[in-house]
Amino acid sequence: MGAQKSVPGNPITPAGYAALRARYDHLLGTERPETVEIVSWAAGNGDRSENGDYLYGRKRMREIDRELGHLSRRMKAARIIDPAEQPDKSRAFFGATVTLADEDDIAKTVTLVGDDEQDASAGRIGWSSPLARALKGASVGDLRLVRLPGGDREWEVVAIDYA
């Protein structure tokens with residue numbers, strides 16, 4: 001795999017890919033058939049122009065089909081990277097859990113994940129986010145300047161883990 005200065009395609013962890021796949025399977029195998037059934041039932045009830053079940057069902061079908069298309073494209077472009085296989089665990093690359101400290105010694109822990117699995121409230125930041133871009137290749141003790149919409153912030157890398 002080598003050092004990951006830039007990861008082509010859509011990098012994603014195995015868990016992130018599994019979550020995308022589970023969402024796709026749920027939509028295709030459960031939600032879409034249920035919605036088709038509702039639309040079919042509602043269509044048989046006569047006047048479709050004032051039939052709320054029919055109109056809502058058709059709208060929901062379009063939403064499901066749009067999401068299925070999006071998920072399909074993301075999974076097709078996905079490049080699954082297992083963080084445990086990172087050869088250089090002393091530096092921050094894709095999948096690293098990095099503990100940072102700011103100028104006020106306030107600690108923050110983030111995990112660098114694929115953009116499709118980011119969740120800032122859970123500490124998972126997207127690989128193309130400003131903080132992740134600033135941390136790429138960092139070692140413990142490095143100071144990194146992060147350009148954020150609210151202004152520049154400097155963070156010190158305190159620890160790097162690939163658990």
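Predicted model: local features only at pLDDT ≥ 70, side-chain atom pairs only at ≥ 80, totals over all residues.

**Exercise 1. Is Asp 65 buried, exposed or partly exposed, and why?**

Residues are numbered from 1 along each chain as its sequence is written, and side-chain values use heavy atoms, with hydrogens and water left out.

Step 1. Learn the classes: buried means under 20% relative accessible area, exposed means over 50%, and partly exposed lies in between (1.4 Å probe, protein chains only).

Step 2. Apply them: Asp 65 has a relative accessibility of 34%, so Asp 65 counts as partly exposed.

**Exercise 2. Find the salt-bridge partner of Asp 65, and say where the two residues lie.**

Step 1. Recall the rule: a salt bridge is a side-chain nitrogen of Lys or Arg within 4 Å of a carboxyl oxygen of Asp or Glu.

Step 2. The partner is Arg 32, with the closest N and O atoms 2.7 Å apart.

Step 3. Asp 65 sits in helix 2 and Arg 32 in helix 1, so this pair, 33 residues apart, links distant parts of the chain. Helices here are DSSP runs (H or I, at least four residues), strands are runs of E (at least two), and both are numbered from the N terminus.

Step 4. Arg 32 is partly exposed, because its relative accessible area is 27%.

**Exercise 3. How many salt bridges does the structure hold, and what does the one between Glu 67 and Arg 23 tie together?**

Step 1. The structure holds 13 salt bridges.

Step 2. In one of them, the side chains of Glu 67 and Arg 23 meet at 2.9 Å, N to O.

Step 3. Glu 67 belongs to helix 2 and Arg 23 to helix 1, so the pair ties together parts that are 44 residues apart in sequence.

Step 4. Check the surface: Glu 67 is partly exposed at 26% relative accessibility, and Arg 23 is partly exposed with a relative accessible area of 30%.

**Exercise 4. Which residues gather in the patches of negative and positive charge on the surface?**

Step 1. Note how patches are built: they take residues with over 30% relative accessible area and no salt bridge, joining like charges within 9 Å and nonpolar side chains (Val, Leu, Ile, Met, Phe, Trp, Tyr) within 5 Å.

Step 2. The negative patch gathers Glu 103, Asp 104, Asp 105, Glu 154 and Glu 156. Among them, Glu 154 lies in strand 7 (residues 151-161) and is partly exposed at 34%.

Step 3. Look at Asp 105 too: this residue is in the loop between strand 3 and strand 4 and is exposed, with a relative accessible area of 66%. Asp 105 has a positive phi of about 60° although it is not a glycine. Most residues other than glycine have a negative phi.

Step 4. The positive patch gathers Arg 48, Arg 58, Arg 62 and Arg 66. Arg 48 is in the loop between helix 1 (14-43) and helix 2 (52-77).

**Exercise 5. Which residues touch the most other members of the largest nonpolar core, and which element gives the largest share?**

Step 1. A nonpolar core is a set of buried Ala, Val, Leu, Ile, Met, Phe, Trp, Tyr and Cys residues joined through side-chain atoms within 4.5 Å.

Step 2. This core has 21 residues, and Val 98, Leu 100, Leu 131 and Leu 135 touch the most other members.

Step 3. Two or more residues come from each of strand 3 (97-101), strand 4 (107-113), helix 3 (130-135) and strand 7. Helix 3 gives the largest share, 4 residues.

Methods:
Areas by Shrake-Rupley, 256 points an atom, 1.4 Å probe, with all protein chains shown as cover. Lys, Arg positive; Asp, Glu negative; His and termini not counted. Charge placed at Lys NZ, Arg CZ, Asp CG, Glu CD.
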